[in-house]
Amino acid sequence: MKIIDRILIVFFLLIFVVSLSSAQKIRTPYFAGSFYPGDTVELISYIENVFKKAPAIKVDGEIVGAITPHAGYQYSGQVAGDMYKQLKGKKFDVVCIVAPSHRELFRGVSVFSGDAYKTPLGIIEVDKKLARGIAKECDVASLSMNGHRAEHSIEVQLPFLQMALGNFRLIPLVMGDQNYNTCKSLGKTLGKILKGKNALVIASSDLSHYHNYDDAVKIDKVLIGTLKTYDYLMLMRNFETGKCEACGGGPIVAVMIAAQLLGANKAQVIKYANSGDVSGDKSKVVGYVSSLLVKSDKIQSKLGEKDRKKLIEIAKKSVYNKIKGKKTPNFKVTSEVLSRKCGAFVTLNENGRLRGCIGYIVAEKPLYKAVEEVAISAALHDPRFPPVSKSELDKLEFEISVLTPFKLINDINQIEVGKHGLFIVKGNNQGILLPQVAVSNGWDRETFLKQVCIKAGLPPDAWKDKKADIYVFSAEVFGEH
């Protein structure tokens, strides 16, 4: 082969390589120099300093997910850095970031359709195979550039991740809709697609916006309290009713669902602050929290005997006084356990037969207050029975079920008869059965599923429908001795 021919071949190969490289869709830094340092050396120095200031924290289990703020580093950088410091030395093959859209309006979830994100610290390749899998599996997601072009909520996370983890592949997701159906669909999909992968899921979100300092702390305290109970149903309800705020509330809920399906059972809050703590201006602040979602062996302690007796006393006195026309006592509760918000049912039996059963399925009220209210409802407002009369009071037997938060499942084999209760939702229909119902009737798993469908007013085999959502929960059940 002549030298000129070889030169031409090399020349055309170079052109091919250059054209291949330029054909890649790389999302270049948009907020470098504004939200965070744009100079590489300065950026490295900043994050190293943040990590140096971050306290050493004992993580309560295996890290599965995280929640972190996305404001400019001068405001939320230390809150984020305290969490990212806990990731140093960890190895994850893929990191999935779920973020809200601040500047573009679109429906559903946008799965980044490009090849990579770039920061001043280098290029992070997208795991395109997993990204395509998410877009295909999730009915509200699609491959798109929507929400990625000029969105800061993913970009500001990346330098921290690069400094903490080194090499990893990325799955960037931006939510255009943040309703519960979108969160649930995305969370379930991530739980399915990432199962068995060495993956980390991250929700990018700030908290309340532009309240005065004291009001912001109160509002954010509601979110953090619900986060600690790992109750994403209650968290979504609090968002919908305005009890708490987050610009990335949808990403938080979606990531909590995904992380739980991947094994997480606890949210460990790392740091809370707001912009007023940094700027000194406390007239209109933005709240920030960082948290790890972990698979932990440290489960919440059960009720003590004294607490159980107190709840039975509250249930009985509430029903007795109401039916006798007396005022419900103002119960004095000092126990921290009884004051925490929790779902609960009160079951009334008479001569071994059900006489009423009503409850709160989510943690709307402090446990002692929930028991007071549902005990009265079980006696007077269960539509299956007439109201309890005065002559029946001494015949009643009280049973209380204190519920754990609900857990959305992808696989019915996760249902353990005797341990789990079931809650099914399909369209406007929903039904719940407590764990003890399956045991007392001798049901197996499939019969239990059929019966909860019937309770919801659905066909017995509705649990097989992909549009039906099945939740499991446990209950601490006790009654009078």
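**Close-up views of a predicted model**

View 1. Helix α16 is followed by Gly457, which has a positive phi near 80 degrees. Helices (H or I, at least four residues) and strands (E, at least two) are DSSP runs, numbered from the N terminus. The structure is a predicted model, in which local features need pLDDT of at least 70, side-chain atom pairs count only at pLDDT 80 or more, and totals for chains, interfaces and linings use all residues. Residues are numbered from 1 along each chain as its sequence is written, and side-chain values use heavy atoms, with hydrogens and water left out. In α16 (residues 445-455), the buried residues are Phe448, Leu449, Val452 and Cys453; buried means under 20% relative accessible area, exposed over 50%, and partly exposed in between (1.4 Å probe, protein chains only). Seen down the helix axis, these residues fall within an arc of 140 degrees, so they line one face of α16. The arc is that of the directions from the helix axis to the C-beta atoms. Their cover includes β17 (421-426), β18 (429-433), α15 (435-441) and β19 (469-473).

**View 2. An open sheet of four strands.** The strand order is β14-β13-β15-β20, and the pairing is antiparallel. Two strands pair if DSSP finds at least two bridges between them. β14 (353-360) and β20 (475-479) stand at the edges with a single partner strand each, so one side of each has no neighbour in the sheet. Neighbouring strands are turned by 15 degrees against each other on average, direction ignored. Axes are lines fitted to C-alpha atoms, for helices over the stretch in contact, and angles run from 0 to 180 degrees between N-to-C directions.

**View 3. Strand β13 and a helix packed on the sheet.** Seven bridges join β13 (residues 344-350) to the antiparallel β14. Phe345 has Gly359 in β14 as its bridge partner. Helix α14 (residues 367-380) packs on the sheet and touches β13, β14 and β15; contact means heavy atoms within 4.5 Å. The direction of α14 makes about 40 degrees with that of β13.

**View 4. Two residues with positive phi.** Most residues other than glycine have a negative phi. Asn351, which is not a glycine, has a positive phi of about 55 degrees. Asn351 lies in the loop between β13 and β14 and is exposed, with a relative accessible area of 63%. Tyr210 has a positive phi near 65 degrees. Tyr210 belongs to strand β10 (residues 209-211) and is exposed, at 56% relative accessible area.
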